[in-house]
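Let's take a friendly look at one residue and then at the chain around it. Here are the sequence and the structure.

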Amino acid sequence: MEISKSYFADERHGDFKEIGQSRQRSDTAGHVRGITPFYADRHVPGLLHLRMVRSPHHHARILRIDASAAERHPGVKRVITAMDVPHNVYTVLSLINIGPEDEPVLAFDKVRWLGEPVVAVVADSERSAYEAAALVRVDYEELPAVFDVEDALKPGAPLVNEYHGQNYYRYDSGASRKVRLGDVEAGFQKADYIIEERYDSSPIEHAPTETTGCIAVPDQNNRLTCYTGTQAIFFTLDNASIILDVPGQRLHFVGGTAGGGFGGKVDCTVEPITLLAAMLTGRPVAFIYNRYEEMQISSARAAERIYIKDGLTKDGRIVARRVRCYVDSGAYSRHSPYGAQKAAAHFPGPYTIPNVEIDCYCVYTNRTPSSAMRGFGVTIADFALEVQMDKLARLVAMDPLEFRFINAYRDGDMKAHRQLTEGAALIECMQEASTWANWPVDSRYLKMSSRERKG
Amino acid sequence: MTKVPVQMTVNGEERAEFVDSGMTLLKFLRDKIGDLTAKAGCLQGTCGTCTVLIDGEPRLACVTLVEDCRSGTIETVSGLSEDAELHPLQQALLDHFAAQCGFCTPGMLMAAKALLDSNPHPDRAEVEDALSGNICRCTGYEPIIRAVLSVSGSNACGDTAERERCDGNK
Amino acid sequence: MAKQRGRGVAAVNYPTGMNLGGDPTQALVHSTPTGNFIVSLSSVDLGQGIKSVVAQICAETLGVPTERVIVDTADSDTGPHCMGTFASRGTHRAGNAVIAAAKEARAVMLEVAADMLEADSRDLQTDGDGNIHIVGVPGKSVSVTDVALAAHFQQGRSISGRGMFFIPRSYPSPTDGAMKPSTCYAHACTIAEVEVDTETGEVDVLSLKSVYEVGRALNPKMVEQQLVGGTWMGVSHALYETTEPYYPARDHACRDFNEYLMLGIGDLPKTEIRVIERPAPDGPFGAKGLGEMCANAPIPAVANAIFDAVGVRVDSLPISPEKILRALLAKESSAAA
């Protein structure tokens with residue numbers, strides 16, 4: 001891997017001893033010996049195992065839960081339902097007044113996605129727990145379900161979550177996170193070409209090789225220690241404290257190395273219920289997702305549907321861009337309201353466009369709740385934006401790379417979300433790519449700079 | 001639950017235990033022997049993180065019954081390094097920065113060892129094939145392949161096309 | 001009836017960190033009696049190596065070799081608060097917090113050394129090898145080990161420091177969306193070459209050349225790890241990955257690794273990386289976050305390369321062979337019509 005030192009040479013001062021050196025990682029020796037401790041790498045005498053009974057329906061009312069056969073099953077120590085959870089709601093960041101609190105830890109009146117947790121069974125072996133979970137009887141009344149983001153927004157669509165009252169998250173800006181700069185209609189009037197395109201993606205899984213899970217252990221000093229693969233120690237601890245109505249000082253969270261995260265281990269869906277099981281049984285409890293749960297139950301990257309309408313002049317300038325982006329949050333919010341907002345700040349891409357209108361919607365459907373994944377709010381947007389740039393270039397018979405040079409942002413340019421561009425380097429990346437990959441562009445583009453607008 | 005006796009060699013040591021009938025080799029290694037190096041990534045034989053060697057062959061411990069391993073010779077990562085010295089494969093992964101989260105690393109090592117024990121000078125395609133049952137989500141595989149090739153002998157990067165490919169990734 | 005080749009480009013930027021209620025992280029640094037340094041964090045290592053890079057950052061700030069720095073993290077009892085490891089925030093936020101903590105510790109260390117050398121602490125420098133000497137007088141020096149011992153047992157001083165990096169919460173304007181989601185942005189440009197089989201719809205990504213602007217490559221081999229691994233994941237997203245292959249229908253939802261497809265070890269493109277640096281004024285030694293961006297540019301680059309190869313657009317991910325074949329058939333029949 002080469003570091004090209006000629007760019008921004010006057011900004012790159014620094015005489016360092018350690019920085020810039022490829023020092024050997026501190027953890028690799030442990031990795032190659034197989035002794036890096038992941039959360040499940042411990043022996044806990046008396047360990048109990050938790051398995052979850054999950055909704056088999058996309059959308060249904062819960063009529064009755066009968067866990068009596070499960071409770072009687074050999075090896076079962078405890079069966080936990082919604083009534084046992086002191087504060088039965090995931091609290092996101094309620095400590096700093098960030099919600100919404102629209103998702104129960106265990107379902108009680110309704111299930112809103114196939115796989116939603118309903119009853120937790122705790123037993124002295126994995127096998128007992130699985131067998132007992134299969135004996136829990138839940139009576140449901142199925143309800144119509146909605147799976148398409150635009151269908152979910154039509155009048156008459158099945159309502160996914162009564163908490164919201166409609167199938168979208170209500171921002172203070174209305175049904176979408178809005179970004180407005182200039183006047184797109186005026187911009188479209190001035191354009192020589194107008195195109196509107198649609199882009200889609202489907203949910204994508206983090207699929208880390210280590211599955212989500214934790215082991216909760218009643219510990220010394222009347223505390224509970226939770227060994228977990230979470231990506232956010234305090235976020236999870238504070239959520240658990242609120243859900244369990246247990247003061248934070250009684251909880252001790254220990255992480256280590258997570259066996260791959262990619263954003264999939266920030267939803268704290270296992271720690272609170274496992275800690276509760278440990279509290280109720282007085283025994284250590286493990287809850288480790290099997291691979292099916294990791295695939296279908298743990299959150300995925302939200303599917304998105306993005307419409308981009310552009311106004312383009314003959315000389316290759318984008319004069320107006322309107323983006324409508326629908327983020328499929330699944331049945332509950334988790335971090336999707338923030339993800340859609342992050343997308344709104346990311347559009348229209350690293351290009352300077354004088355008239356911009358962006359609306360990003362966080363939409364509820366009856367599927368596995370989506371949440372953060374590597375590139376949250378940005379990855380699918382970049383797919384749409386950069387394919388669109390390719391189409392626009394060809395519309396005006398321009399080279400796709402040259403077209404990007406013409407529109408690239410530079411220091412001092414106003415971004416659509418009203419921040420001035422600083423530290424831009426898109427032009428330099430493209431210049432290096434052009435010469436290195438032998439994708440020739442006109443020499444005037446190789447003379448451009450992110451630091452000033454000339455040409 | 002019926003208990004059955006099993007006896008085998010694990011990393012050169014004779015082990016004899018009573019186990020629940022139907023116990024997997026993975027559970028035996030982790031819970032009975034206390035060897036935590038083999039990992040439980042999927043428990044269905046699809047990810048390779050539980051790869052160990054049984055009589056020199058790479059096997060998935062999560063879908064192998066320990067009862068079927070009687071009199072077998074089991075090797076895990078715990079047995080790779082003699083004393084404090086790392087096995088050449090372990091050293092190669094270290095030198096090539098070929099591990100990030102480390103969860104797939106034990107399985108990769110055992111699959112690679114099985115290859116080199118039977119084929120000391122594999123070409124790139126043979127390395128890819130040997131590791132094709134081991135999933136990695138972090139590294140993109142390339143540094144692992146190069147690490148294994150570096151152990152395999154002087155012509156590590158094979159023919160011109162392969163060498164170009166190797167050099168291109170420096 | 002052929003394999004056709006094409007080339008595509010994509011250029012992107014990526015914000016470092018996030019602003020979900022602000023973005024704070026704290027760190028503590030303290031010396032042992034023999035002059036090794038412990039960094040206490042609660043940040044989680046996911047394999048990206050934050051423990052290692054934070055040790056380098058701390059070592060550079062203190063003026064000691066990296067091997068004298070131990071990073072203890074991911075324990076709520078010992079590590080001060082960190083929001084968590086996501087949003088490419090780890091190195092930037094924890095790195096900055098560690099620099100602040102290490103600066104405080106270094107100041108105490110130099111005062112102790114100044115006492116021992118009978119000099120002014122402002123006239124001292126560290127040599128980065130474990131010694132402290134008077135500027136211009138290399139003979140008048142003392143080892144960090146001896147300084148630590150003196151601090152503990154003779155001078156009664158604590159060589160330690162606290163650091164906080166804080167991004168206050170940004171409230172987007174409801175009317176025009178004015179907001180401050182990030183303070184610095186990394187950049188990338190990827191050029192992909194593909195070969196498309198027009199009979200099967202299968203795509204072979206032959207090569208990817210990517211230029212990444214990362215602020216500062218604190219540890220180049222570790223930067224390379226992320227960029228190569230992320231590029232792989234991007235290609236995998238472009239062509240294979242989804243839990244719902246018939247989205248928005250929930251049919252045939254993938255249950256395991258047999259059904260969830262990813263780029264295989266035998267299908268790797270020739271992946272080449274180049275890095276440029278435009279240090280971020282608020283980054284630790286100018287570093288920007290890069291863990292997420294690296295997966296993004298390859299996706300549209302591959303999509304654009306497919307169009308260049310066979311003249312069809314598949315505007316939905318993943319770009320499966322089925323979708324390519326359907327697009328080719330539609331193109332043929334509309335040409336024939």
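## A buried serine

In this predicted model, A:S329 counts as buried because its relative accessibility is 0%. Buried here means under 20% relative accessible area, exposed over 50% and partly exposed in between, with a 1.4 Å probe and protein chains only. A:S329 sits in strand β16, which covers residues 318–330 of chain A.

What is A:S329 in contact with, leaving aside its neighbours within four places in sequence? The partners are A:S336, A:C362, A:V363, A:Y364, A:T368, A:P369 and A:S370, where contact means heavy atoms within 4.5 Å. A:R367 lies 38 residues from A:S329 in sequence, and their C-alpha atoms are 8.4 Å apart.

## The whole chain

Chain A holds 13 helices and 18 strands; these are DSSP runs, with helices being H or I of at least four residues and strands E of at least two, numbered from the N terminus. Its C-alpha trace spans about 80 × 65 × 35 Å along the principal axes.

Of the 455 residues in chain A, 66% are buried. Taking contacts between residues at least 6 apart in sequence, 78% join residues at least 24 apart.

## How to read the values

Residues are numbered from 1 along each chain as its sequence is written, while chains are lettered from A and ligands numbered from 1 in the order in which they are written. Local features need pLDDT of at least 70, side-chain atom pairs count only at pLDDT 80 or more, and totals for chains, interfaces and linings use all residues, while side-chain values use heavy atoms, leaving out hydrogens and water.
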